[in-house]
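Please look at the sequence and the structure shown below. The briefing that follows describes selected helices, strands and charged pairs, topic by topic.

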Amino acid sequence: MRYALLLAFVVLCPAARANPHPDPQAVPQDAPAFFAKDVGTNPGRVLDAADVLRRSLPMLRVRIDHDAAQESWSFGRAVREDSGTPGLVGRSAHRDPYGSYRAELVDSLGAVIAHDALGTGSQMRLLTRALSFRFPMPAAFPVLLRIYAENPQSGEIELVLVRELALVDVETSGESRHFQPPEIRELRSATAAPKVVMTIYAEAYREARRATFFEDAARLVRALDASDFPLKERIEVLAVFSPSANALGAARDLGRPIPERDSFLGLYFPYWNDFGRWYHVVYPTREERFRAALASAPYDYPVALVDDSAYWGVGNYRELTAIPARNGSFTYLFLHELGHSFGLNEEYEGGGPTELQFATDVEEPWSQNITFLRNPAALKWREHVATTTPIPTPASYWRTVGRFGAYPGGYADSEPQGQSHKPGFACTMASGATFCPICRQALETQVRFDAGEARR
């Protein structure tokens with residue numbers, strides 16, 4: 001009874017239900033006109049779904065399953081699918097220093113031929129219960145697959161699985177039994193090269209709300225265009241609709257075994273991992289359903305637009321961005337969670353721990369906008385900090401001088417508490433309307449890497 005009352009409180013209390021800033025009244029609100037159907041609506045250009053896949057690049061998607069009880073990893077499945085982009089092929093040639101879970105393919109001569117990385121923090125493996133990596137389809141088999149994962153205690157990236165893959169191990173993806181053939185529209189074309197692809201997926205929209213989804217997706221494009229997100233000219237935006245049988249509904253414990261959610265992407269509140277704030281995020285109830293749905297179109301950045309109006313949101317590095325379509329802080333939620341999917345962490349305090357928490361004993365989080373300041377001389381964003389700025393930087397310095405530094409705070413209430421420092425105040429990764437220069441630079445660097453450019 002006590003647990004039931006607590007759960008009812010966290011679900012119904014708006015201030016508690018937040019992965020973005022914990023106070024929904026403190027973040028920017030969209031003007032009512034922003035939600036009007038007849039203001040700037042662009043339903044986009046309808047594409048032939050079969051042709052979209054024919055023009056996509058062949059990928060090798062590998063699923064690795066995680067056993068929480070044994071803290072062990074095992075090979076799940078290898079699938080050939082047409083979800084690739086030129087950016088994915090380009091970046092696969094470079095090792096990604098970010099991501100708490102990493103993978104590589106090695107050819108018969110011992111050369112690494114492809115890389116991939118995803119996920120922020122030690123909770124990721126418990127939320128998804130499986131990880132999916134994508135590589136350009138190898139020209140020859142066998143190949144050796146190596147998987148590396150963040151140790152949940154030390155934070156060290158460790159080799160956790162080695163598996164040889166022969167061509168016979170690779171299945172061919174077909175039409176999924178989970179969803180109807182999708183409708184795909186192009187909402188925004190890239191005007192500069194090399195481009196990256198942001199693909200918006202309808203989640204929890206019934207068939208009768210098909211037109212509403214495309215209107216909502218067009219609104220997301222307007223939010224992107226009006227923002228200070230860098231290199232927008234490189235971003236192509238697709239929208240993908242397939243109807244869901246289930247609405248999202250309120251967060252609750254649905255019992256075990258965990259039922260597969262009958263929606264396009266199969267997302268639900270991850271009650272199976274009670275990290276403290278599971279009721280404000282959504283994750284796949286089945287990794288295979290989720291990835292099969294994403295593969296209905298090419299993607300670099302998958303965005304789930306959920307037919308819901310509550311204040312919540314989730315972003316995790318290379319895994320997904322998901323937001324409610326009708327909340328009054330739509331633009332803020334989208335940009336804040338998109339920042340998370342690019343590896344940025346929280347710059348606010350309070351609200352409880354988040355699932356973006358790194359291992360407790362990690363020496364230094366790889367997120368680009370927080371530091372534990374073990375080595376002040378190696379501050380990640382030191383180029384933005386004046387040499388006269390005290391490190392660590394007292395909050396009074398921001399109020400009086402207004403310069404970037406290393407201010408105690410950020411990282412919500414995640415463990416270890418009291419060690420995190422952030423660049424400043426009022427960024428979108430806290431409750432601001434715009435990204436700070438440190439985060440904008442991190443986002444630009446990430447877009448360039450995702451388009452195939454090596455990190456400097």
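## A buried charged residue and its partners

Glu 288 has a relative accessibility of 17% and therefore counts as buried; buried means under 20% relative accessible area, exposed means over 50%, and partly exposed lies in between, with a 1.4 Å probe and protein chains only. This is a predicted model, in which local features need pLDDT of at least 70 and side-chain atom pairs count only at pLDDT 80 or more, while totals for chains, interfaces and linings use all residues. Residues are numbered from 1 along each chain as its sequence is written, and side-chain values use heavy atoms, with hydrogens and water left out. Helices (H or I, at least four residues) and strands (E, at least two) are DSSP runs, numbered from the N terminus.

**Salt bridges**

- A salt bridge is a side-chain nitrogen of Lys or Arg within 4 Å of a carboxyl oxygen of Asp or Glu, and a search of the whole structure finds 37 of them.
- One of these salt bridges joins the side chains of Arg 77 and Glu 288, at 2.6 Å from N to O.
- Because Arg 77 lies in strand β3 and Glu 288 in helix α6, the pair ties together parts that are 211 residues apart in sequence.
- Arg 77 counts as partly exposed, because its relative accessibility is 24%.
- A network of salt bridges links Arg 61, Arg 63, Asp 65, Arg 77, Glu 81, Glu 171 and Glu 288.
- Glu 287 forms a salt bridge with Arg 291, and the closest N and O atoms are 3.2 Å apart.
- Glu 287 and Arg 291 are four residues apart in helix α6, so about one helical turn separates them; both residues are buried.
- Lys 195 and Glu 236 also form a salt bridge, with 2.5 Å between the closest N and O atoms.
- Since Lys 195 lies in the loop between β10 and β11 and Glu 236 in strand β12, this pair ties together parts that are 41 residues apart in sequence.
- Lys 195 is partly exposed, with a relative accessible area of 31%, whereas Glu 236 is buried, with a relative accessible area of 11%.

- Two strands pair if DSSP finds at least two bridges between them.
- An open sheet is formed by four strands in the order β6-β2-β3-β9, and its pairing is mixed.
- Its edge strands, β6 (130–136) and β9 (170–172), each pair on one side only.
- On average, neighbouring strands of this sheet are turned by 30° against each other, direction ignored; axes are lines fitted to C-alpha atoms, for helices over the stretch in contact, and angles run from 0 to 180 degrees between N-to-C directions.
- Seven bridges join strand β2 (residues 57–67) to β6 in the antiparallel sense, and Met 59 has Pro 136 in β6 as its bridge partner.
- Helix α6 (residues 287–294) lies across β2, β3 (72–84) and β6, and runs at about 165° to β2; contact means heavy atoms within 4.5 Å.

- β11 pairs with β15 in the parallel sense over six bridges, and Ile 200 has Val 303 as its bridge partner in β15.
- Ile 200 also stands opposite Ala 239 in β12.
- Strand β12 (residues 235–241) is mostly covered, with seven of its seven residues buried.
- Strand β10 (residues 183–188) runs antiparallel to β12 and is joined to it by five bridges, with Arg 185 opposite Ala 239.
- β11 and β12 pair in the parallel sense over six bridges.
- The chain crosses from β11 through α5 to β12 in a right-handed β-α-β crossover; right-handed means that, with the strands pointing away from the viewer, the path from the first strand over the helix to the second runs clockwise.

**Helix α7**

- The 12 residues of helix α7 (residues 330–341) should span 16 Å at 1.5 Å a residue, and the end C-alpha atoms are 16 Å apart, which agrees; the expected span is 1.5 Å times one less than the number of residues.
- α7 is mostly covered, with 12 of its 12 residues buried.
- The elements covering these buried residues include β11 (196–203), α5 (210–226) and α9 (437–450).
- Just after α7, Gly 343 takes a positive phi of about 100°.
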